[in-house]
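Dear colleague,

I am passing on the structure we spoke about, together with some notes on it. Please have it open while you read.

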Amino acid sequence: EVDGIKFSSKKEAAYYGGLKLRQAAGLVHFFLRQVPFHLPGNIRYVVDFAEFTADGEVRFVDVKGFKTDMYKLKVKQVKDVYGVTIEEA
């Protein structure tokens, strides 16, 4: 738990802390947590972070320890449907 937010893992909490530091340094304008992508078949994939950087880039980052087959499938669907690449941390 960091800032009153319960995270799925210590790794995700640490990534959040790093994002806050990058935001304080002016490298990230803002970020969103738990951003949903709605996929065909009434399926939803939730990415851990959407980052809006100072250089105008938008990054979608999922903090993963282990990649399940379902995760791999959903990431591929997000790419196919939205043209978005999910980065892994």
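Below are notes on one helix, on the cores and on a loop residue.

This is a predicted model, in which local features need pLDDT of at least 70 and side-chain atom pairs count only at pLDDT 80 or more, whereas totals for chains, interfaces and linings use all residues. Residues are numbered from 1 along each chain as its sequence is written, and side-chain values use heavy atoms, with hydrogens and water left out.

Helix α1 covers residues 10–24; helices are DSSP runs of H or I with at least four residues, and strands are runs of E with at least two, numbered from the N terminus. The buried residues of α1 are E12, A13, Y15, Y16 and L19, where buried means under 20% relative accessible area and exposed over 50%, with partly exposed in between (1.4 Å probe, protein chains only). Seen down the axis of α1, these buried residues fall within an arc of 160 degrees, so they line one face of the helix, the arc being that of the directions from the helix axis to the C-beta atoms. On the other side of α1, K10, A14, L21 and A24 are exposed.

The largest nonpolar core has 12 residues, among them F37, V47 and F60; such a core is a set of buried Ala, Val, Leu, Ile, Met, Phe, Trp, Tyr and Cys residues joined through side-chain atoms within 4.5 Å. The elements that give two or more residues to this core are β1, β2 and α2.

F66, in the loop between β3 and α2, counts as exposed at 64% relative accessibility.

With best wishes

Key:
The expected span of a helix is 1.5 Å times one less than its number of residues.
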